[in-house]
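Please look at the sequence and the structure before reading on.

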Amino acid sequence: LAIEHARCQARRNAAAVRFFRFDALREPMPRGYDVIVSCLFLHHLDTAAAETLLRNMADAAGVVLISDLARSRGKY
């Protein structure tokens with residue numbers, strides 16, 4: 001499981017981070033985080049869902065970092 005691998009790596013490197021499973025499209029966004037990161041996820045969503053998710057992320061954290069593919073008709 002990817003989460004367990006990440007936890008092991010964090011312990012090995014004494015990193016004070018927490019990993020957990022979360023359905024960002026169906027569950028309320030947890031509050032109180034400094035940073036929320038989305039990596040290669042948004043391009044799987046339609047525009048309305050992506051906009052909603054981005055708004056929810058911005059409301060939940062001080063900083064939102066996005067790394068994704070360029071969405072365009074030509075990229076399909």
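## Paired strands

Strand 1 (residues 33-39) and strand 2 (residues 61-67) run parallel and are joined by six bridges. Strands pair if DSSP finds at least two bridges between them. One of these contacts involves Tyr33, whose bridge partner in strand 2 is Ala61. Between the two strands the chain passes through helix 2 (residues 47-60), and this β-α-β crossover is right-handed: with the strands pointing away from the viewer, the path from the first strand over the helix to the second runs clockwise. Helices (H or I, at least four residues) and strands (E, at least two) are DSSP runs, numbered from the N terminus.

The model is predicted; local features need pLDDT of at least 70, side-chain atom pairs count only at pLDDT 80 or more, and totals for chains, interfaces and linings use all residues. Residues are numbered from 1 along each chain as its sequence is written, and side-chain values use heavy atoms, without hydrogens and water.

## Surface

Val63 lies in strand 2. Its relative accessible area is 39%, so Val63 is partly exposed (buried is under 20%, exposed over 50%, partly exposed in between, with a 1.4 Å probe and protein chains only).

## Cysteines

Cys8 is partly exposed because its relative accessibility is 29%. Cys39 has a relative accessible area of 52% and therefore counts as exposed.

A disulfide is a covalent bond between the sulfur atoms of two cysteines. Here a disulfide is a pair of cysteine sulfur atoms within 2.5 Å, and the count of disulfides is zero.
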